[in-house]
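Subject: A structure for you to look at

Hi,

Here is the structure I promised to pass on to you. Have a look at it first, and then read my notes below.

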Amino acid sequence: MHTNPQQPQHGYPPPHPPTVIVQKRGGGCLKALLIGAAVLVGLVFLGAVLVGGSDKTGEPTAASAPDGEEPKRAGIGDVVKDGKFSFKVTKVEKGLSQVGEGFTISKAQGQYVVIHLTVKNIGDEAQMFHDSSQKLIDAKGREFDADSGAAMLGLKDSNAFLNNINPGNAVKGILLFDVPENVTLRAVELHDSIFSGGVTVALTR
């Protein structure tokens, strides 16, 4: 007697055929490709914006400057602003070996550079002006601090040592720097405080 293969043996039901799971390929790769392309486009756009807004030196490009001409730099006699102060450099003296008289004489290590300027408070409250916040820059990009002590003792009209200026008022001040004798001056960087961004006034044309 032959056994029917379709009939269950020993009263057990026939086993079900195994379930085959078919996994679709290519969906994950396509998603990663689309994300990568979007990131690449974003980086290219960001790079174009950054390059378009500055020149090769990293300084902002003046949109108003005519083609082929450099943007005009602030210089001696121009009024510039930083924070609550406006500044106007009126005169620059170089080559001083000393300042002061009698017991107040201070001798320069190299040479003294004296910068005359007018400082006006354009804010709505009193602001302290201090020469220690100001920087002198030479042609090599070196920065020099003001000589506060020599200025306070030897320059009676310096008005640059902890001078509190009320809103709307202006004072004439003198900044004193001790620099090497053979230095080539480029600019002075003026600040309304040590925390401000500052504004640059060229000392050469």
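In what order do the elements of the protein chain run from the N terminus on? The order is α-β-β-β-β-β-β-α-β-β-β-β, which comes to two helices and ten strands. Helices (H or I, at least four residues) and strands (E, at least two) are DSSP runs, numbered from the N terminus.

Before the details, please keep in mind that this is a predicted model, in which local features need pLDDT of at least 70 and side-chain atom pairs count only at pLDDT 80 or more, while totals for chains, interfaces and linings use all residues. Residues are numbered from 1 along each chain as its sequence is written, and side-chain values use heavy atoms, with hydrogens and water left out.

**The chain as a whole**

The protein chain has 205 residues, and 31% of them count as buried. Buried means under 20% relative accessible area, exposed means over 50%, and partly exposed is in between (1.4 Å probe, protein chains only). The accessible surface of the chain is about 14,600 Å², and carbon and sulfur atoms account for 57% of that. These areas come from the Shrake-Rupley method with a 1.4 Å probe; for residues, only the protein chains shown count as cover. If you take the contacts between residues at least 6 apart in sequence, 64% of them join residues at least 24 apart. Contact here means heavy atoms within 4.5 Å.

Four strands make an open sheet in the order 1-2-3-8, with antiparallel pairing. Two strands pair if DSSP finds at least two bridges between them. Strand 1 (79–82) and strand 8 (170–179) are at the edges with a single partner strand each, so one side of each has no neighbour in the sheet. From one strand to the next, the twist averages 40°. The angles are taken between N-to-C directions and run from 0 to 180 degrees, with axes as lines fitted to C-alpha atoms (for helices, over the stretch in contact).

Four bridges pair strand 1 with strand 2 (residues 85–99) in the antiparallel sense, and the bridge partner of Asp82 in strand 2 is Phe85. The hairpin of these two strands has two residues between them, and Gly83 takes a positive phi near 60° there.

Leu117 has Gly173 in strand 8 as its bridge partner.

Strand 5 (residues 135–138) pairs with strand 9 (residues 185–190) over four bridges in the antiparallel sense. Asp138 stands opposite Leu185 in strand 9.

**Cores**

Which residues have the most contacts inside the largest nonpolar core? They are Phe87, Ile115, Leu136 and Leu190, in a core of 25 residues. At least two residues of this core come from each of strand 2, strand 3, strand 8, strand 9 and strand 10. Another core, of nine residues, lies apart from it and includes Val99, Ala150, Leu155 and Ile174. A nonpolar core is a set of buried Ala, Val, Leu, Ile, Met, Phe, Trp, Tyr and Cys residues joined through side-chain atoms within 4.5 Å.

**Aromatic rings**

The whole structure holds three aromatic pairs. Rings of Phe, Tyr and Trp (its six-membered ring) pair if their centres lie within 6.5 Å; planes under 30 degrees apart count as stacked, over 60 as edge-to-face and the rest as tilted.

Why is the pair of Phe85 and Phe129 edge-to-face? The ring centres are 6.0 Å apart and the planes stand at 75°, so the pair falls in that class. Phe85 lies in strand 2 and Phe129 in strand 4 (residues 127–129), so this pair ties together parts 44 residues apart in sequence. Phe87 and Phe129 form a tilted pair, with 6.3 Å from centre to centre and 50° between the planes. Both Phe87 and Phe129 are buried, and Phe85 is buried as well, with a relative accessible area of 0%. Ring pairs link Phe85, Phe87 and Phe129 into a cluster.

Enjoy exploring!

Best wishes
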